[in-house]
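User: Hi! I'm new to this one and would like a friendly tour. Could you walk me through it?
Analyst: Happy to, here it is.

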Amino acid sequence: MDFVIWIFYAIVLFFVLSIVLGSFFTISTAQVAVIARFGKFLRVAEAGLNWKWPIIDAIAGRVSLRVNQINLTMETKTKDNVFVTIPISVQNRVRPDKVFDAFYKLANPVEQIQSYVEQVILGHVPGMTLDEVFASQSSIASAVKQELDADMAGFGYEIVNV
């Protein structure tokens, strides 16, 4: 009988320790975690050692605050019926104060940014000749950055450079 009680205490101690120790978690530098309670957004956990209520709270996901680069290639026709291939690099990152928006409002940021870039390029380049396209590369890049900044700000993203 004494042996059975010790086994019971050992099992209870194991479960209590696993629940208590399972409530601590770490977040790497330049990263945040979205904490949800019963599926509803609760808070954003910063880098370092954090604690959540066991069983009640869960880590819904992790969001990187680093600058990401998206490389795109667009092919379009100019005003003088020449097809040009335009390589585009977009550097973006999640705004630290807008992690909720970046995590919950946008399912695939890469595809969304690509769609906005295509829209801006197709709005500018077909009205230019080939020489005008090469002469105004920086103005096209600034137009893409300006449009992307305005559109992606509502989703919690900042466009660093185009």
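Analyst: One term before we start: contact means heavy atoms within 4.5 Å. Also, keep in mind that this is a predicted model.

User: Is Thr29 buried or exposed?
Analyst: Thr29 counts as exposed because its relative accessible area is 65%, and the cut-off for exposed is over 50%.

User: What about Ala30, what is its phi?
Analyst: Ala30 has a positive phi of about 65°, although it is not a glycine. Ala30 is placed in the loop between β1 (24–27) and β2 (31–37). With a relative accessible area of 32%, Ala30 is partly exposed.

User: Which loop holds Ile55?
Analyst: Ile55 is in the loop between β4 (48–51) and β5 (57–64). Ile55 is not a glycine either, yet its phi is positive, at about 70°. Ile55 counts as exposed, since its relative accessibility is 73% and exposed means over 50%.

User: Let's zoom out. How many helices and strands does the protein chain have?
Analyst: There are five helices and eight strands in the protein chain. Starting at the N terminus, the elements go α-β-β-β-β-β-β-β-α-α-α-α-β.

User: What about the overall dimensions, say the box that the C-alpha atoms fill?
Analyst: Along the principal axes, the box is roughly 95 × 25 × 25 Å. The radius of gyration of the protein chain is 25 Å, whereas a compact globule of 162 residues would be near 15 Å.

User: What share of the residues counts as buried?
Analyst: Of the 162 residues in the protein chain, 29% count as buried. As for the surface, the protein chain exposes about 10200 Å², with carbon and sulfur atoms supplying 59% of that.

User: And the contacts across the sequence?
Analyst: Among contacts in the protein chain with a separation of 6 or more, 60% come from residues 24 or more positions apart.

User: Last one: how far apart are the mean positions of the positive and negative charges?
Analyst: The protein chain has 13 positive and 15 negative charges, and their mean positions are 9 Å apart.

Methods:
Residues are numbered from 1 along each chain as its sequence is written. This is a predicted model: local features need pLDDT of at least 70, side-chain atom pairs count only at pLDDT 80 or more; totals for chains, interfaces and linings use all residues. Side-chain values use heavy atoms; hydrogens and water are left out. Helices (H or I, at least four residues) and strands (E, at least two) are DSSP runs, numbered from the N terminus. Buried means under 20% relative accessible area, exposed over 50%, partly exposed in between (1.4 Å probe, protein chains only). The radius of gyration is taken over C-alpha atoms; the globule rule is 2.2 Å times the number of residues to the power 0.38. Accessible areas come from the Shrake-Rupley method with a 1.4 Å probe; for residues, only the protein chains shown count as cover. Lys and Arg count as positive and Asp and Glu as negative; His and the chain ends are not counted. The place of a charge is taken as NZ of Lys, CZ of Arg, CG of Asp or CD of Glu.
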